[in-house]
Amino acid sequence: MTGVPPLDDVAGEWVAAGDLGHLPSLRNQRGQAHVNHDLTSVSWLAAPPFAGGYHTGVLRVDGGVPGVQHYRWKPWGTRRSYRDAHVDVVTDTSLGYDADWLLWRIQVTNTRAEAATVELTQDLFAPVGHSETGWGWLHTVPWNASGEHDYHALERIRDTTRPGAQGAPYLLGPGPRRLRLGRPRPPGIQRDEDSAPMLLEYELPRHVSADWVWPHTTSVRGAVRALTAGTGLAFPGPVVLDDGAEVPLDAFELTPGVALELEFRADDPGHDGVLLTHGNHPDSLQLGIAGGRLWLAICGERETADRPLEAGRWHHIRVEVDAHRAALVLDGAEVARTGHWTRAVRWRSTVDDGTVAVIDTASAARAAYAFAVPPDELVPHGAGARATWRLDLAPGATDTVGFALAWGTGSVAGEARAAAATLDAELAATADAWRRLWAHAFTPGNPDFSGHLPTLRTPDEDLARAYHMGALLAVYLRNTRVGRTGPVFLTGGPRLGATTTFFWDHTEWSRLYAMLDPSGLRAWLLAGLASPYDTAFGYDVRGGGPLGNYYVSNEYALFRLVEHYVGSTGDIAFLSEPAGGRTVLDHLERLAYGVAGRRGDLDGLADFGADAWRVLECVPNYVDGMASFNAAYVGMLRSWAELLRYLGRDSDADRADGVAATLADAVLGLYAGGGRWQIAHPGGRETIGHVLDFGLVAAAMAGDLTREQRAEMVAFVVDKLLAGPWMRALAADDPIAPFSDRPDHGAGGAFGAWPGVTAYGLARLGRPDLAAGVLGRTPRAASGGLWGQAMEIVPGAGELRVRVAGRGVANRDSIAGAATAEAVVAGLFGVEPDFAALRSTTPRPATVTVAGLGTLENLNLRPVPAPVETVAPPH
């Protein structure tokens, strides 16, 4: 029955590298990063306005790059280990708690029976850039010749940190891409037609920030003829290109040995523009003109011809591509060639007095490495340096070296030296700061959060662990620098979303959000309601602009977040606050009655349209009239009616209840039996077995279901969705399952929120025993850390094994997993700070006890005032 456990005990066991599908993350109060397959390198550093490209450099031991055998993640950093008959190496990598620096410590033990000299050689790259724009879901990443987010190319480079893979090719991405002459599609859409399917193995949506300015948006001026490719593509032409011209040709995969040839006549060599593009990825092969000379770009590299074009002359151009480089041949002579990313191209490095200084020539970013133990050799190398230590070790003896990387816009050598000089103390201080933050999350009146979380006391150790892991996910994703409105909780990452918040994901822990940081939620909500939430899934908390495509969950998400904020805090005056030209109360009515604008020919149901990217993104038929979000509207309308009655507007409340009742009947008409629900399409209906139908119907309409329906829904979840320590989002026997392979919403696993949503639904349907079991099993699926966006089921003998998925562009960290803690509070203990609670005459409890389960103490639920007259009726 203990309360809040020490942070060290919540999560972070040693896990074998081979058991991981997604490597651990690093975070601090400013940014995020990923560790790699070797013992020290880090990729995907993003601490806005700073970001790091490529990776920070691998560690060689006696000339070879050992691969990590085991990882142990903690909120303050990741430990990596390797052991063989010669050495035992353990490394610690950490982002300073509230600082712009990375810290490394390397401990080496001689495992031989005789003395030996162990040579450590560490590459020290610092390809850090600075940008005040471009912080979308696909955020700014600095490359030698560009600054776009190139997810798949960087992942290919990360793979070269595996043992023996340092020389592996990374230049070419898989999959067919369309060749276009003239004006390019801006990189970021990464599919050639908006209606084309999006295969996440090598494509991404255009989820970039509104303030990003695309380079190379115009065509060259000239003519093209006799274009051929080694793939069989032939375009005789001629075609004349001008500023806005765009000529799509066939799609093909660019493989080693392929050559493109064409003849080109430059009508205006002084006009900068693009000649051709193979695809829409930032790493796509591209040809263009700048300053009268041809340039060739691919995978973050851009090389310019050493001679100019002549106006009016037909030039013969050939592009030769192999696994490691691309060459540009003009009129029979090679005029440009790409090189390896580690070359000193954009960044300039110097070594002075034992410190490595790195200057970014394309931005104001500056970086520096310094050392706890001076290396025996230190020489400039690429975008940084290479350090070598030679450690003389007796049998069984251990020695330690360490270093620090600092970044900023001024001289940062002093910060790096200070951190390195006290490396052990800095690492310990970072861990202690995280421990304090964790303790403060459960402490009233703490200096970090404007509220606090409830304390759980239960004899069920598995349930307690699940609750605290869910709470830790929220604490771990807190960031104090990126948000305009103050501290925020990011949606996910790394690799994506360094400044991003989705509306939907925050709904999954909306009650706890309101208790933990009510002031932060209030500010975030005002900004979110002021954003165009009818066209985007969330917003960039740094730049303030909308992000991505519209999600049909937006109305439900924002309504519930407002409801739980007001219900938890009693802040009725919030309803009068202006946000984007409307009061919050106006927005609530608009959100609740969003169903009115969706009426179609689906028997009274809301029609959410035929674009799967607005719903579950990978379930092709989960469109049009789904039970899930129609049920959500039933719940919203009923909650809206409760608020109206609290405000004394009974006739308006009766209207809302009437609309809800009609819609509820339509939803019940979708029940297909056996716990499954139908989808209503304009051309007919089909049955599906998806967790989202179960979760939202159970949450919003449990009281409308018959006893038989409730029992069948429970049986469906138990028999078809629950799997080992986790679950499937989609029943494996569903006809659409083979066409929905993503491990977050398909049959191969489930989104980080779905076990919590499912447990809440089971509790609502009268089975808290099953709900507690679902929650209690979830810690076994966390891959040594916390749950991710997509949790994939790994086939094998015995109990199904589940891990955080790396495939499918999934996030290692996902705040949606806090739904596990939310389900404990709301599902098992029945804490519901909703609009209905505003009218209750029962005092708000500080403690809730459930027999056989335990006690929730320290509930941060504030008294609700009487209705205030400052709340104006909606327009």
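Student: Which residues of helix 12 are buried?
Tutor: Keep in mind that this is a predicted model. The buried ones in helix 12 are Val 691, Leu 692, Asp 693, Phe 694, Gly 695, Leu 696, Val 697, Ala 698, Ala 700 and Met 701.

Student: OK, strands now. Is strand 10 mostly covered or mostly exposed?
Tutor: Mostly covered: strand 10 spans residues 101–110, and nine of its 10 residues are buried.

Student: What joins strand 9 to strand 10?
Tutor: A hairpin, passing through five residues. Strand 9 (residues 87–95) and strand 10 run antiparallel, with nine bridges joining them.

Student: Which residue in strand 10 stands opposite Asp 92?
Tutor: That's Arg 105.

Student: Which way does strand 10 pair with strand 31, parallel or antiparallel?
Tutor: Antiparallel, over nine bridges, with strand 31 covering residues 398–408. Leu 103 has Ala 404 in strand 31 as its bridge partner.

Student: Switching to salt bridges. How many are there?
Tutor: The count is 61. One of them links the side chains of Arg 522 and Asp 571, at 2.7 Å from N to O.

Student: Where do Arg 522 and Asp 571 sit?
Tutor: Arg 522 is in helix 7 (residues 518–530), while Asp 571 is in the loop between helix 8 (554–569) and strand 39 (578–579). So the pair ties together parts that lie 49 residues apart in sequence.

Student: Are Arg 522 and Asp 571 buried or exposed?
Tutor: Both are buried.

Student: What about Arg 337, what does it pair with?
Tutor: Arg 337 makes a salt bridge with Glu 334, where the closest N and O atoms are 2.8 Å apart. Arg 337 has a relative accessible area of 38%, so it is partly exposed. Glu 334 comes out at 39%, so that one is partly exposed as well.

Student: And the one with Asp 769?
Tutor: Asp 769 meets Arg 767 in a salt bridge, 2.8 Å from N to O. Asp 769 is partly exposed at 47% relative accessible area, and Arg 767 is partly exposed at 32% relative accessibility.

Student: Last one: which residues do salt bridges with shared partners join into one network?
Tutor: Arg 30, Asp 98, Asp 100 and Arg 481.

Methods. Residues numbered from 1 in each chain as written. Predicted model: local features only at pLDDT ≥ 70, side-chain atom pairs only at ≥ 80, totals over all residues. Heavy atoms only, no water. Salt bridge = Lys/Arg side-chain N within 4 Å of Asp/Glu carboxyl O. Buried < 20%, exposed > 50% of the residue type's maximum accessible area, 1.4 Å probe, protein only. Helix = DSSP H or I, 4+ residues; strand = E, 2+ residues; numbered from the N terminus. Pairing = 2+ DSSP bridges.
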